[in-house]
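I opened this notebook to record what I looked up about covalent and charged side-chain contacts. The entries follow the order in which I made the searches.

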Amino acid sequence: EEEFKWLLKEEVHAVLKQLRDILKEASDRFTVPTSGSGEAVKQENFVLSTLGTDQVKGVFTLQGDALCQADVNLKMPRNNQLLHFAFREDKQWKLQQIQDARNHVNQAIYLLMNRDVNYQFKTGLEVLKLMDAVMLQLSRARNRLTTPATLTLPEIASSGLTEMFTPALPPDILVNFYINLNKLCLTVYQLHVLQPSTTKNFRPAGGSILHNPGAMFECGNQRYEVSHVHKVECVVPWLNDALALFTVSLQLCQQLKDKISVFSRYWNNRPY
């Protein structure tokens with residue numbers, strides 16, 4: 001009984017402090033200033049290309065959760081024509097996955113801050129509930145980075161991203177940016193128009209993270225088929241760090257849950 005009381009009073013708070021420190025470090029990795037903080041977020045440049053091919057090359061500037069500059073070179077396979085597109089100077093593209101992941105981390109920190117060093121836990125169940133709530137937020141943060149949104153081709157075609165570029169993207173080119181684990185990814189879809197006289201059986205593609213050649217869709221009373229798909233990516237080091245810190249935090253939560261559960265089982269089964 002005395003050991004359990006010591007666990008609730010001392011060790012639980014030691015673990016909570018450790019978790020707060022780790023999650024503060026994870027939150028800082030996202031380098032997104034809070035509104036009105038006046039902090040300048042550093043810009044980082046990344047080169048996206050595929051080894052052994054020069055079909056698509058891009059240089060991108062990431063500032064916190066926003067792509068603020070993008071230069072893309074695309075070599076058309078039909079005629080080797082080289083196309084160049086860049087973000088308009090007045091535009092930047094928010095990466096919602098990064099924003100959401102950081103919000104979940106901050107929510108986990110908020111839950112921990114509400115149980116400061118003066119707070120006295122009275123039962124093991126109280127600790128278990130707190131750990132479950134923190135782990136839920138951390139799992140959601142990790143999932144936002146590891147699971148990109150599934151989009152249909154019409155959703156990609158009608159997204160604001162298509163209006164970001166100068167010169168404007170031709171109607172037979174679609175692009176999509178997303179985060180996958182610790183990588184910034186760009187997918188370029190080249191399309192060809194399906195003529196009304198085509199004998200192909202038109203079957204519109206559903207939602208997907210990555211559409212394959214042959215996928216069909218309808219947009220603006222015109223039917224298209226994906227002819228070529230180019231995916232380029234690069235590692236964002238601080239996303240790698242954040243994911244590692246999420247893993248360490250989840251392990252700490254689970255270890256504390258396991259220890260509390262052992263004591264709780266003994267407490268419930270003790271002889272009277």
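Predicted model: local features only at pLDDT ≥ 70, side-chain atom pairs only at ≥ 80, totals over all residues.

**Entry 1. Cysteines**

I began with the question of how many disulfides a search of the whole structure finds. The search returned 0 disulfides. Cys 219 has a relative accessible area of 29% and is partly exposed. For Cys 253 I noted a relative accessible area of 0%, which places this residue among the buried ones, because buried means under 20%.

**Entry 2. Salt bridges, total**

I next turned to charged pairs. Side chains of opposite charge can pair when their charged atoms come close. My count for the structure is 11 salt bridges. I examined several of them individually.

**Entry 3. Lys 259 and Glu 11**

I found a salt bridge between the side chains of Lys 259 and Glu 11, with an N to O distance of 2.6 Å. Which parts of the chain does this pair tie together? Glu 11 belongs to helix 1 (residues 2–29) and Lys 259 to helix 5 (residues 237–269), so the contact ties together parts that lie 248 residues apart in sequence. I recorded Lys 259 as partly exposed, at a relative accessible area of 35%.

**Entry 4. Asp 132 and Lys 257**

I also located a salt bridge joining the side chains of Asp 132 and Lys 257, again listed from N to O, at 2.6 Å. This pair links distant parts of the chain: Asp 132 sits in helix 3 (residues 124–146) and Lys 257 in helix 5, 125 residues apart. Are the two partners buried or exposed? Asp 132 is partly exposed, with a relative accessible area of 38%, whereas Lys 257 is buried, with a value of 18%.

Within it, the side chains of Glu 25 and Arg 29 meet at 3.3 Å, N to O. Both residues lie in helix 1, and because they are 4 residues apart there, about one helical turn separates them.

Technical notes
Residues numbered from 1 in each chain as written. Heavy atoms only, no water. Disulfide = S-S within 2.5 Å. Buried < 20%, exposed > 50% of the residue type's maximum accessible area, 1.4 Å probe, protein only. Salt bridge = Lys/Arg side-chain N within 4 Å of Asp/Glu carboxyl O. Helix = DSSP H or I, 4+ residues; strand = E, 2+ residues; numbered from the N terminus.
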